[in-house]
Amino acid sequence: MVVTHRPFSLGGGGSVRWRHLLRELPRHGWQITECSPRVGLTADDSSTDPRRAALAARRARVMAVAGRVVDPLTRLVRIKPEALAPNNLWSLTGRRVVRETVARANPDVVVATIPPPSALFASAREVQGIPLVADVRDLWAGNPYYDRGSALMARLQGHGLEHAAATVTVSDGCRDRLLELHPGLDGRVHVLPNGFDPQLIGRRHPPTEHDGPRRFVFAGSLYGEHTAEAIVQALALPSLRGRASLRLVGVVDPRTRAAIAATPEAAVTTEPPVSWDDAIAHVLEADAAVAITTPATGGDMALPIKMFEALALGRPVLALAGPGSDLARLLQRLGQDAGLAAPGDVAAIAAAIERLLDAPPPPVDPAALAEFDRDRIAARYAGLLEEVATRSSRRTVAGTTSSAR
């Protein structure tokens, strides 16, 4: 049984990992039951339906205003307004849904996947006697997008995780930060990265020859500090005019839109969100993909799915990532660091784009990407679930035997 506040059917980047697991885990003997709430019309920011997308964008603008209003108060308790998102209420209202799904499905293991953290908080006390796995795709406490060093957030997150028989996370940086905050989890944290669908390797082909500027594409959501503003400014520099263009596919944040309006000489186009298949098609049409992380959004611990997918498709990556970040270390290890640049550093981003234009690195050997093959990751996930379920069964048998004695 998988508990998630955001139903996987909504799509978007956050669902890519689990939509693959939903397909692969049954091949390893696991039947999956999803436990999630109904989602209102305004909550689907990745929708390809223009009406739903417009409603979600309007809601995002309202929440941004509310965030600015409450920011001075949240600073007093060392959190960010984003930590108080309305979806946290499901921590309480979701408990009934969890109880009812447990009664109906009688699961061997419950997985609570976050963000948002409400799935973990709603599950922690409702699955007593059933092993719980916390699937931490992104941190809540310890993530600078939400947290300003709040001891309260750390205690709340730790309280939820202490109920978990195992915690899964997606990068070494996330694991290290979790153990820094919650040393008691030592020995129970497992790194299973996001990875890529192995079918993408078979879809590799060189970019189509074309006239005009080299094409860069970003397919995903931009928000807050997670912005393409500096890339737009870099493309407006005289050294890059006419040499490179950028296509932004998905939700575009206000800062990036303002930069596009202020620099009409930059070759930047925007498109609404598309399906995963269409996003992959956009990457295949491009000469290079873009991955964006920032320290302010926990980027030092992030390994974006779109980066894995681009490498699997044989495309180089313009990657905004801080020195020493998980993303920077991985691209350096794979020989793909030509496109690395510090977030917000316009000159460094321009230099990275020029390196990709003048001497793009060759595609990564598929063998070097094998550890990020999602089929292999699913097999490892299934093995962990089996271990957790078996360990719980042994404890139950031991407890029954002891009681009989």
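**Helix pair**

I started with helix 10 and helix 11, which are roughly parallel to each other (angles under 35 degrees count as such). My note on the model: it is predicted, so local features need pLDDT of at least 70 and side-chain atom pairs 80 or more, while totals for chains, interfaces and linings use all residues. Numbering runs from 1 along each chain as its sequence is written, and side-chain values use heavy atoms, with hydrogens and water left out.

The axes of helix 10 (residues 305-312) and helix 11 (residues 326-333) come within 12 Å and cross at roughly 10°. Axes here are lines fitted to C-alpha atoms over the stretch in contact, with angles from 0 to 180 degrees between N-to-C directions. Helices are DSSP runs (H or I, at least four residues) and strands are E runs of at least two, numbered from the N terminus.

Who touches whom? I found Met307, Phe308 and Leu311 on helix 10 against Leu327, Leu330 and Leu331 on helix 11 (contact means heavy atoms within 4.5 Å). By class I got six nonpolar, no polar and no charged residues. Nonpolar means Ala, Val, Leu, Ile, Met, Phe, Trp, Tyr, Cys and Pro; charged means Asp, Glu, Lys and Arg; the others, Gly among them, are polar.

Most residues other than glycine have a negative phi, and most peptide bonds are trans. I went looking for exceptions.

The Ile114 to Pro115 bond is cis, omega near 15°. The bond from Pro115 to Pro116 is cis too, with omega near -10°. Pro115 sits in the loop between strand 3 (110-114) and helix 4 (118-124), and Pro116 is in the loop between strand 3 and helix 4 as well.

Arg78 is not a glycine, yet its phi is positive, about 60°. I placed Arg78 in the loop between helix 2 (50-76) and helix 3 (90-105).

Asn106 lies in the loop between helix 3 and strand 3 and is exposed at 61%.

I looked up the second largest pocket, about 350 Å³ in volume. Of its 19 lining residues, the closest to the centre are Asn88, Ser91, Phe121, Trp140 and Leu156. A pocket is an open set of points on a 1 Å grid over the protein atoms alone, where a 1.4 Å probe fits, with protein on both sides within 12 Å along at least five of seven lines; lining residues have an atom within 4 Å of a point. Volume is the space filled by probe spheres on the points. Helix 5 gives the largest share of the lining, five residues.

Terms used:
Angles under 35 degrees count as roughly parallel, over 145 as roughly antiparallel, 65 to 115 as roughly perpendicular and the rest as oblique. Buried means under 20% relative accessible area, exposed over 50%, partly exposed in between (1.4 Å probe, protein chains only).
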